[in-house]
Amino acid sequence: MSVTNVISEIKKDFIFNLLLKGERVDGRTFDQYREISIQRDVIRKAEGSALVKLGSSQVLVGVKMQPGEPFQDTPNKGVIITNAELVPLASPSFEPGPPNEMGIELARVVDRGVRESKAVDLEALCIVPGKQVWIIFIDVHILDDCGNILDAASLGAIAALLSTKVPAARFGLGEDYNLPIRDIPIATTAIEFNDVLMFDPGVDEEAIANTRLTIISTMNGNICGTQKSGTGMLKPEQIYRIIDIACEKAKEIREKFLEA
Amino acid sequence: MDETDISFFKDGLRLDGRRADQLRPVKIEVGVLARADGSCYIEMGGNKVIAAVYGPREVHPRHLQEATRAIVRYRYNMASFSVEDRKRPGPDRRSQELSKVSREALEPVILTSFFPRSVIDVFVEVLQADAGTRTAGINAAAVALADAGIPMKCMVSSCAAGKVADTIVLDPMKEEDNFGQADLPIAMTPNGDITLLQMDGGLTPDEFERAVEMAMKGAREIYELQRQALVEKYSQMIEQHPGREEVHVCD
């Protein structure tokens with residue numbers, strides 16, 4: 001931990017000096033994403049899955065479904081449960097054990113995107129009202145943390161849901177069918193450093209910035225979730241600027257990768 | 001979270017008689033706990049929240065200590081009886097996330113570099129919940145930090161805005177939060193620097209901007225109340241103990 005911090009002090013200077021010249025370490029512009037690739041159905045045993053690569057960051061999301069009891073206040077709706085595992089193979093700073101607050105925040109922001117955008121038609125997942133509904137488990141597995149795993153995880157979650165087949169036959173509930181999806185939420189994250197806003201931060205860029213803002217937007221260009229993270233401050237104008245760019249970026253990503 | 005057809009407005013006013021841009025009644029008391037270094041009790045509408053600050057003090061476990069600054073810990077905890085359906089005691093994922101973002105809402109103003117190798121502990125207990133517990137907690141915690149004499153650049157004040165029946169409203173109460181279309185809590189400094197920003201629900205970019213502006217207006221009002229509460233306590237103390245202005249007296 002302390003060793004990486006010493007290096008990052010030196011890198012911090014380097015990144016900062018580049019930034020003054022309007023450049024980023026890997027030559028991207030400030031609002032440019034790294035190369036994105038999404039492979040769906042990579043896990044045959046899962047009802048839906050997606051392997052997302054965002055530059056060198058790799059995140060695998062698996063969706064499993066099973067019948068279960070609905071929540072009392074929503075007897076006619078399916079249930080979504082999102083979990084994230086920051087497994088220690090993904091980064092020298094991840095440790096085995098129960099999820100820490102970083103992992104919890106990640107899972108809850110991914111969940112917020114899926115839930116608040118109403119991406120999944122939960123009413124269609126009711127089997128017996130008040131008794132039995134489909135439960136969707138979205139499990140996020142971070143494989144390689146090279147920065148901005150939140151956007152990658154969110155992308156993986158919706159990509160996996162888009163390819164999810166409800167395993168009705170396995171539970172004697174008729175034929176399998178595609179999970180009904182109504183929206184495609186996209187999370188876009190920017191960091192603020194010295195009044196410069198950088199989208200899709202790499203791991204070193206994340207280390208120098210102490211403020212991060214994630215905007216989740218829906219297909220109609222509305223915002224369905226945000227999360228500020230880190231110990232810095234943001235001006236309202238900076239927030240609005242991030243929203244403008246975030247909605248644009250989200251549209252590009254959605255059209256290119258998820259709307260077939 | 002069902003969008004039931006309940007009406008949120010009667011004759012242009014909200015269910016509890018407030019205007020769209022009006023806060024619920026706020027009551028702030030400073031120094032309510034004898035053992036804590038600083039404390040604050042706050043009521044915001046139906047929320048009853050108490051915050052205590054301990055420190056700067058020695059860090060346990062020691063490996064958490066930082067050589068150049070104090071660390072800040074923030075524990076948001078809900079009493080089991082604070083909500084309709086009994087909450088299972090102890091931290092859950094929600095409270096851990098709220099603890100993280102609340103800590104990050106306060107840390108930017110705390111002069112942690114004054115106290116290397118130490119910890120500033122903030123404990124927030126929600127005794128009664130009625131939508132907006134995280135904002136109430138942050139408001140109480142900021143006052144408790146000041147009460148503990150922790151050096152800070154400025155106050156932090158927190159407030160939420162929401163959207164119900166396509167209208168942006170300030171400081172949503174339980175019904176508006178449960179059945180509303182969006183919730184957007186912020187925390188900010190008196191200069192207008194945002195230290196916490198979360199949102200869920202659905203807002204157009206334009207509505208988002210209006211909600212932020214409205215929440216900031218609420219936060220500015222709360223700032224005045226926080227300030228008043230602190231001034232009141234400390235001016236009383238000076239009257240009671242003439243010549244001992246600089247001594248931290250535990251009453």
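1. Two strands pair if DSSP finds at least two bridges between them. B:Lys163 has B:Ile168 in strand 9 as its bridge partner. Two residues sit between the strands of this hairpin, and B:Ala165 takes a positive phi near 45°. Strands here are DSSP runs of E with at least two residues, helices are runs of H or I with at least four residues, and both are numbered from the N terminus.

2. Some housekeeping before going on. This is a predicted model, where local features need pLDDT of at least 70 and side-chain atom pairs count only at pLDDT 80 or more, while totals for chains, interfaces and linings use all residues. Residues are numbered from 1 along each chain as its sequence is written, with chains lettered from A and ligands numbered from 1 in the order in which they are written.

3. Now the chains as a whole. Chain A comes to five helices and 12 strands. Its radius of gyration is 19 Å, close to the 18 Å of the globule rule for 260 residues, so chain A is as compact as a globular protein of that length. (The radius is taken over C-alpha atoms, and the rule is 2.2 Å times the number of residues to the power 0.38.) The C-alpha trace of chain A spans about 60 × 40 × 35 Å along its principal axes.

4. Chain B has four helices and 11 strands. For chain B the radius of gyration is 19 Å, close to the 18 Å that the rule gives for 251 residues, so this chain is as compact as a globular protein of that length. The C-alpha trace of chain B spans about 55 × 45 × 35 Å along its principal axes.

5. Have a look at the open sheet of five strands in chain B: the order is 3-4-5-7-6, with mixed pairing. Strand 3 (26-30) and strand 6 (71-78) are the edges, each pairing on one side only. Helix 2 (residues 133-147) of chain B packs on this sheet, touching strands 3, 4, 5, 6 and 7, and its direction makes about 150° with that of strand 4. Five bridges join strand 3 to strand 4 (residues 38-44) of chain B, and these two run antiparallel. B:Val26 is bridged to B:Met44 of strand 4.

6. On to the interface. Chain A puts 27 residues into the contact and chain B 26 residues, with contact meaning C-beta atoms, placed from the backbone, within 7 Å. The largest share of chain A's side, seven residues, comes from strand 12 (223-229). Strand 12 of chain A is also joined by four bridges to strand 11 (residues 194-203) of chain B, running antiparallel. There, A:Ile223 has B:Leu203 as its bridge partner.

7. The axes of helix 5 (residues 236-258) of chain A and helix 4 (residues 205-240) of chain B come within 11 Å and cross at roughly 165°. Axes are lines fitted to C-alpha atoms, for helices over the stretch in contact, and angles run from 0 to 180 degrees between N-to-C directions. The two helices are therefore roughly antiparallel, a label for angles over 145 degrees. Among the contact residues are A:Ile239 and A:Tyr240 from helix 5 of chain A, and B:Phe208 and B:Glu209 from helix 4 of chain B.

Definitions and conventions
Angles under 35 degrees count as roughly parallel, over 145 as roughly antiparallel, 65 to 115 as roughly perpendicular and the rest as oblique. Two residues are in contact if their C-beta atoms, placed from the backbone, lie within 7 Å.
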